Amino acid sequence: MAELDTNKRKRLPKSKFAEPDKRKYPIEDKAHARNAKARASQAVNAGRMSKAEEARIDRKADAVLKKPEPNR
């Protein structure tokens, strides 16, 4: 997963977070989107998040995961 330090995270627009109001679960690339899905699943299993919240995060992360990779 690409490194995301504090300064880079602060500069990300709200649209790059699965929960933009809380600025939680960054999804600026595919690696972070996969991680957001995993953390949301863990939060549901631990009772810290509802299934509806997880589904919303999964939808946003899936949109990032379906985008084609840019040619490098």
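Where is Ala 38 found?

1. Ala 38 sits in helix 2. Helices here are DSSP runs of H or I with at least four residues, strands are runs of E with at least two, and both are numbered from the N terminus. At 33% relative accessibility, Ala 38 is partly exposed. For this label, buried means under 20% relative accessible area, exposed means over 50%, and partly exposed is in between, with a 1.4 Å probe and protein chains only. The C-alpha atom of Ala 38 is 16 Å from that of Ala 2, and these two residues are 36 residues apart along the chain.

2. A word on how to read these values. This is a predicted model, in which local features need pLDDT of at least 70 and side-chain atom pairs count only at pLDDT 80 or more, while totals for chains, interfaces and linings use all residues. Residues are numbered from 1 along each chain as its sequence is written, and side-chain values use heavy atoms, with hydrogens and water left out.

3. Now to the charged pairs. Searching the whole structure gives four salt bridges, each being a side-chain nitrogen of Lys or Arg within 4 Å of a carboxyl oxygen of Asp or Glu.

4. Arg 56 belongs to helix 3 (residues 51–66) and Glu 19 to strand 1 (residues 17–19), so the pair ties together parts that are 37 residues apart in sequence. Arg 56 is partly exposed, with a relative accessible area of 34%, whereas Glu 19 is buried at 6%.

5. Lys 37 is partly exposed, at a relative accessible area of 23%, and Asp 62 is partly exposed at 27%.

6. Lys 51 and Glu 54 are three residues apart in helix 3, so about one helical turn separates them. Lys 51 is exposed, with 58% relative accessibility, while Glu 54 is buried at 11%.
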